[in-house]
Amino acid sequence: MYDGTSRPALSTPARGRLAVRAAAAALALAAALLTAGCGSSRDTAQDAKAPAAPAAGFPVTVDNCGVRTTYEKPPARVVTIHQHPAELMLALGLKDHMVGTAFPDSPVLPELRKDYASIPELARKEPSFETVLEADPDLVYGGYGSAFAENEGRSRTAFADAGIDTHLNREYCGRKRVTMRDTYDEIRTVGRIFGVPERADTLVAGLADRVEKAAGKVADAPKVPVFVYDSGDRTAFTAGGKSLGTELIRLAGGENVFADLDDVFGDVSWEQVVDRRPEVIAIYDYAGAGSVGRKKKFLLSQPALEDVPAIRNKRFVVLPLTATLVGVRSAYAVEDLARGLHPESFA
């Protein structure tokens, strides 16, 4: 989780942006008062515009990781930070609401690749607060907790002060173990925010059906001990019990050997890996953490690991990191894992 430190003062560009917004509002108010003073009350009443009718299904109020937001209409200009929120929005047909993406982790799903490429990429990693402001969003949707890192000036409070709503993927609310139910709830919540609940229901139904079919094939198979290798050399960075990865392994007929780690991710010693004797190693693949080939070579070259069943038998399953997070890919990951853990069930 990313707690950060206290938010620094807004930089000069941000202050200037807020000042422009405030000045525009003041000028609009002054113009309205001047108009009212120059005409009669009857004239003013005739000229006044009727308030816009609320969008169907709105307002929508969402409680998200301790932040309550009321949406009077669907957000029109959205910046996503991290890939899985972007793919979720695209899967719901919301490309026209997106004005910027950031921090791609893996190759984009083939069916979403064209739409993803059409949206400006603001940064290869998390963009600065000022870079996000330049895109003029009305909503920022973050995937990892680092999307709203206080020590980098991107706290949710900072965006609220700039008049911008925020939404954080529920996996990083940090309250409890994450399951597929959270994936479905996240999709439905985003569907409500954008006024497309029917699309969300349809997407969830398709994903749930895919999970049910894959899990059903391995329901009676013995549980396979699985170690998740994300990265690390002196220690192993792995998926803990709160991660969606633990749920995906369970549904695929396996058992995360570090399900007792009370976090989404965390470091463990190689001695612990040896002691828990995993039979399969799930390698998370994403940009910036070394290639899958390099990770396999490292694991196979460690003398301390040579008696681990997964190493001795060279049993690896490779998953894109984005497939192990709350998003549209997780249902596909269940099938990929199940095939890797129980190939005989798919023969």
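## Helices across the sheet

Helix α13 (residues 330–341) lies across β8, β10, β12 and β13, running at about 170° to β13. Here helices (H or I, at least four residues) and strands (E, at least two) are DSSP runs numbered from the N terminus, and lying across rests on contact, meaning heavy atoms within 4.5 Å. Angles run from 0 to 180 degrees between N-to-C directions, with axes as lines fitted to C-alpha atoms, for helices over the stretch in contact.

Helix α9 (residues 244–251) lies across β8, β10 and β12, and its direction is at about 155° to β10.

## Basis of the model

The model is predicted: local features need pLDDT of at least 70, side-chain atom pairs count only at pLDDT 80 or more, and totals for chains, interfaces and linings use all residues. Residues are numbered from 1 along each chain as its sequence is written, and side-chain values use heavy atoms, with hydrogens and water left out.

## The four-stranded sheet

The order β10-β8-β12-β13 describes an open sheet of 4 strands with parallel pairing; two strands pair if DSSP finds at least two bridges between them. At the edges are β10 (254–256) and β13 (316–320), each pairing on one side only. From one strand to the next, the twist averages 35°.

Within this sheet, β8 (residues 224–229) and β12 (residues 280–285) run parallel and are joined by 4 bridges. Phe227 has Ile281 in β12 as its bridge partner.

## The β1–β2 hairpin

Strands β1 (residues 60–64) and β2 (residues 67–71) pair in the antiparallel sense over 5 bridges. The bridge partner of Asp63 is Arg68 in β2. The two strands form a hairpin with 2 residues between them, and Cys65 in the turn has a positive phi of about 55°.
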